[in-house]
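Keep the model open alongside and follow the residue numbers as they come up.

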Amino acid sequence: MIFERLRVIDDPVPGDGAWNMAVDEMLLHRVATPTLRVYRWSEPTVTLGYFEKLAEARTLRPGLPLMRRWTGGGLVDHGADWTYSLIIPVEHELARAGRTGSYVEIHRAIQEIVRAACGITLELATSATVAGEGCFKSPVIGDLMLDGRKIAGAAQRRTRHGLLHQGSIQEIPMEPNWARAFADGFAAEATSIALTEDERAGATQLVATRYGLAEWLGRF
């Protein structure tokens, strides 16, 4: 198990791009216990990495809502995927590990979770491929692959508070109890709770001051 204890937030209410990104950042600012957040999208949305150019994203995904992530990486299509985040406090060894080490450890756990829950065997990518047109066309070391296709990838950001790992799993059946399967696969003890009113207020403030602003989307 990666964690001894895990807080699990499985939000059944779909959110737009600004809300979903704001909640993740808010949780990282306040993290005290490792947290798994599972969330949904109110409409098909494309997220772009922090340093991605907006003009290129609009060319590659014309007509789709776009939202800039706080994490890196490329373009990711959301709506039909299974989207999750891990928010890990700075005291945990995984937050202090390098990008490749933490990325691979998390994906190894997911590899076993998917095998146990779905009977699907995914393989860890051992090399990077640059194919353009989005994150899932360009696997990096540690991504999860099926028949040569990238199935699971993620983007990370480290701060003085800890590690934010935003992940997406695509093209395989999503079982109704996947949130519980993930929680049990990640931690010895997992507790399901909802966002508090104070946390929702914090996320709402981040929508108003960052993610809901045109300046944030168009910063590059």
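## Helix 6, outside and inside

On the other side of helix 6, the residues Glu-197, Asp-198, Gln-205 and Ala-208 are exposed. Exposed stands for over 50% relative accessible area, buried for under 20%, and partly exposed for what lies in between (1.4 Å probe, protein chains only). Helices (H or I, at least four residues) and strands (E, at least two) are DSSP runs, numbered from the N terminus. Before going on, note that this is a predicted model: local features need pLDDT of at least 70, side-chain atom pairs count only at pLDDT 80 or more, and totals for chains, interfaces and linings use all residues. Residues are numbered from 1 along each chain as its sequence is written, and side-chain values use heavy atoms, with hydrogens and water left out.

So which residues of helix 6 are buried? They are Glu-199, Gly-202, Ala-203, Leu-206 and Tyr-211. As for length, helix 6 has 15 residues (197-211) and should span 21 Å at 1.5 Å a residue; its end C-alpha atoms are 19 Å apart, which agrees. The expected span here is 1.5 Å times one less than the number of residues.

Eight strands make up an open sheet with mixed pairing, in the order 7-8-9-10-6-2-1-11. Strand 7 (123-124) and strand 11 (187-192) stand at the edges with a single partner strand each, so one side of each has no neighbour in the sheet. Two strands count as paired if DSSP finds at least two bridges between them. Strand 1 and strand 2 run parallel, paired over four bridges, and Ile-9 stands opposite Arg-37 of strand 2.

Strand 10 (residues 162-169) is mostly covered, with eight of its eight residues buried. Strand 6 pairs with strand 10 in the antiparallel sense over eight bridges, and Ile-88 has Leu-163 in strand 10 as its bridge partner. Strand 9 (residues 149-158) is also antiparallel to strand 10, over seven bridges. Ala-155 stands opposite Gln-166 in strand 10, and strands 9 and 10 form a hairpin with three residues between them.

## Salt bridges

How many salt bridges does a search of the whole structure find? It finds 12, counting a side-chain nitrogen of Lys or Arg within 4 Å of a carboxyl oxygen of Asp or Glu. Arg-40 and Asp-10 form one of them, at 2.9 Å from N to O. Arg-40 sits in the loop between strand 2 (35-39) and strand 3 (45-48) and Asp-10 in strand 1, so the pair ties together parts that are 30 residues apart in sequence. Arg-40 is partly exposed, with a relative accessible area of 32%, and Asp-10 is partly exposed at 36%.

Arg-37 forms a salt bridge with Asp-24, their closest N and O atoms being 2.9 Å apart. This pair links distant parts of the chain, with Arg-37 in strand 2 and Asp-24 in helix 1, 13 residues apart. Is this pair buried or exposed? Both Arg-37 and Asp-24 are buried. Arg-115 and Glu-112 pair up too, with the closest N and O atoms 2.5 Å apart; both lie in helix 4 (residues 99-118), three residues apart, about one turn of the helix.

## Cores and a buried loop residue

The largest nonpolar core has 32 residues, and those with the most contacts inside it are Phe-3, Leu-36, Ile-110, Ile-169, Phe-182 and Phe-186. A nonpolar core is a set of buried Ala, Val, Leu, Ile, Met, Phe, Trp, Tyr and Cys residues joined through side-chain atoms within 4.5 Å. Apart from this core lies another, of 22 residues, among them Ala-18, Trp-19, Leu-27 and Tyr-50.

Asp-81 is found in the loop between strand 5 (76-78) and strand 6 (82-89), and is buried at 11% relative accessible area. Beyond its neighbours within four places in sequence, Asp-81 is in contact (heavy atoms within 4.5 Å) with Trp-41, Ser-168, Ile-169 and Gln-170.
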